[in-house]
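Me: Please examine one part of this model closely, namely a sheet and the way its strands pair. I would welcome a single connected account, with the aromatic side chains and the surface included where they can be described.

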Amino acid sequence: IEGPYELRLVSARLAGVDHTADGVSIRLDLMTSDVVYDAARNVYYATFGTMMSGQDTRLATIDAVSGAVSHSRSIGSDPRALALSSDGGTLYVGLNGSGEVVRLSLPTMQEVARVRLPVLQFWGQL
């Protein structure tokens with residue numbers, strides 16, 4: 001997801017809500033691990049983990065209107081789960097490969113903190 005890419009989005013349904021651009025449905029034709037919508041900035045955040053064939057481990061910001069990737073970076077080992085704070089100021093990224101959760105400040109995407117989740121003998125990495 002590096003470099004100038006333009007994504008033609010046809011439709012997106014997140015948390016039971018349909019998202020469209022200018023009345024035209026949008027579709028994201030990428031194999032993502034997780035996607036979360038930021039209504040305040042009208043962008044999607046998406047992770048692309050190592051389990052997705054042919055794709056790098058990335059975190060990307062995708063404009064909901066144009067489908068353009070405005071930010072793409074390597075975030076860590078096998079990024080998966082995403083969570084957006086209720087005030088829209090923080091994005092959390094779960095890293096399956098290292099068992100960490102990364103806290104990013106929005107809109108700059110600056111890393112604020114990184115914490116490793118515990119490992120249990122029977123269950124493994126939490």
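Predicted model: local features only at pLDDT ≥ 70, side-chain atom pairs only at ≥ 80, totals over all residues.

Reply: Strand E6, which covers residues 58-63, is joined to E7 by four bridges, and the two strands run antiparallel. They belong to an open sheet of four strands, arranged in the order E4-E5-E6-E7 with antiparallel pairing. At its edges lie strand E4 (34-38) and strand E7 (69-73), each of which pairs on one side only. On average, neighbouring strands of this sheet are turned by 15° against each other, direction ignored. In general, strands of a sheet pair through backbone hydrogen bonds, either parallel or antiparallel.

The aromatic side chains come next. The structure holds one aromatic pair, formed by Tyr-37 and Tyr-44 with a centre-to-centre distance of 5.1 Å. The planes of Tyr-37 and Tyr-44 are 50° apart, and the pair is tilted. Tyr-44 has a relative accessible area of 4% and is therefore buried, whereas Tyr-37, at 22%, is partly exposed; the cut-off for buried is under 20%.

As for the surface, Leu-120, Phe-122 and Trp-123 form a nonpolar patch there, with about 430 Å² of accessible area together. Phe-122 counts as exposed because its relative accessibility is 70%, and exposed means over 50%.

Key: Residues numbered from 1 in each chain as written. Heavy atoms only, no water. Pairing = 2+ DSSP bridges. Axes fitted to C-alpha atoms, helices over the stretch in contact; angles between N-to-C directions. Patch = residues over 30% accessible without salt bridge, like charges linked within 9 Å, V, L, I, M, F, W, Y side chains within 5 Å. Areas by Shrake-Rupley, 256 points an atom, 1.4 Å probe, with all protein chains shown as cover. Salt bridge = Lys/Arg side-chain N within 4 Å of Asp/Glu carboxyl O. Buried < 20%, exposed > 50% of the residue type's maximum accessible area, 1.4 Å probe, protein only. Phe/Tyr/Trp six-rings, centres within 6.5 Å; stacked < 30°, edge-to-face > 60°.
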